[in-house]
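Reader: I would like to learn how to read a structure like this one. Please show it, and then take me through its features in turn.

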Amino acid sequence: MRPWMRNATRCAAGLLLGMAVAASARADPPGAAADAVVAPAAASVTVRFGNHRDFGRVVFDLPAGMTWRTAQNGARLTIRFAAAVAIAGAAGGTTRNVRGVATLPDGAELALAAGAQARAWRLGNRLVVDVF
């Protein structure tokens with residue numbers, strides 16, 4: 001075999017081996033899901049409390065554009081955000097007419113004083129909840 005043919009044969013063999021290694025590296029490992037779905041990270045929300053003369057106020061600082069809905073059922077006010085949230089500052093938080101706050105994966109639940117009524121409204125990127 002001529003020397004140039006030997007070099008061409010080695011080069012072709014190396015190229016084929018490299019292609020085989022690259023193809024096996026791209027393959028999913030056994031048992032791996034081909035279409036794995038990654039959950040989005042929870043949005044960061046901070047909650048603050050304030051006492052006013054005739055009512056208590058709970059303020060949620062929201063990411064821009066975050067929407068929400070509320071539902072009051074007796075002494076419970078449930079707040080649901082449009083996405084998963086991580087709420088900071090809720091632990092031990094109380095104010096006038098609010099007995100406690102429990103966090104939910106997509107919101108919060110306020111335990112209200114007996115007979116209290118809540119009014120929720122937006123102020124910029126804040127959800128303001130006044131409890132009378």
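Author: Begin with the naming of elements: helices (H or I, at least four residues) and strands (E, at least two) are DSSP runs, numbered from the N terminus. This is a predicted model, in which local features need pLDDT of at least 70 and side-chain atom pairs count only at pLDDT 80 or more, while totals for chains, interfaces and linings use all residues. Residues are numbered from 1 along each chain as its sequence is written, and side-chain values use heavy atoms, with hydrogens and water left out.

Reader: Which elements does the protein chain have, and in what order do they run?

Author: The protein chain has one helix and nine strands. From the N terminus on, the order is α-β-β-β-β-β-β-β-β-β.

Reader: Where is Asn97 found?

Author: Asn97 sits in the loop between β5 and β6. The loop also holds Thr95, with β5 covering 85–88 and β6 covering 98–104.

Reader: What is there to say about the phi of Asn97?

Author: Most residues other than glycine have a negative phi. For Asn97, phi is near 70°, a positive value in a residue other than glycine.

Reader: Is Asn97 buried or exposed?

Author: Buried means under 20% relative accessible area, exposed over 50%, and partly exposed in between (1.4 Å probe, protein chains only). Asn97 has a relative accessible area of 18%, so it counts as buried. Thr95 has 8%, so it is buried too. Of the 132 residues of the protein chain, 27% count as buried.

Reader: Which residues is Thr95 in contact with?

Author: Contact means heavy atoms within 4.5 Å. Leaving aside neighbours within four places in sequence, Thr95 is in contact with Phe49, Gly50, Asn51, Gly56, Arg57 and Val58. A polar atom of the Thr95 side chain lies 2.7 Å from the backbone oxygen of Gly50. That pair is judged by the rule for a polar contact: N or O atoms within 3.5 Å, where within protein one must be able to donate a hydrogen and the other to accept it, and residues adjacent in sequence count only if both atoms are side-chain atoms.

Reader: How do I read a sheet?

Author: Strands of a sheet pair through backbone hydrogen bonds, either parallel or antiparallel. Here two strands pair if DSSP finds at least two bridges between them. Four strands form an open sheet in the order β3-β4-β7-β6, with antiparallel pairing. β3 (68–73) and β6 stand at the edges with a single partner strand each, so one side of each has no neighbour in the sheet.

Reader: How many bridges join β3 to β4?

Author: Six bridges join β3 to β4, which covers residues 76–81. Five bridges join β4 to β7, and Leu77 stands opposite Leu110 in β7. Another six join β6 to β7, where Thr103 stands opposite Ala108. β6 and β7 form a hairpin with two residues between them.

Reader: Why is β7 described as largely enclosed?

Author: Five of the six residues of β7 are buried, so the rest of the structure largely encloses this strand.

Reader: Which residues touch the most other members of the largest nonpolar core?

Author: A nonpolar core is a set of buried Ala, Val, Leu, Ile, Met, Phe, Trp, Tyr and Cys residues joined through side-chain atoms within 4.5 Å. The largest has 23 residues, of which Phe60, Ile79, Phe81, Ile87, Leu110 and Val129 touch the most other members. Elements giving two or more residues to this core include β1 (43–51), β2 (56–61) and β9 (126–131). Ile79 has contacts beyond four places in sequence that include Phe60, Leu110 and Val129.
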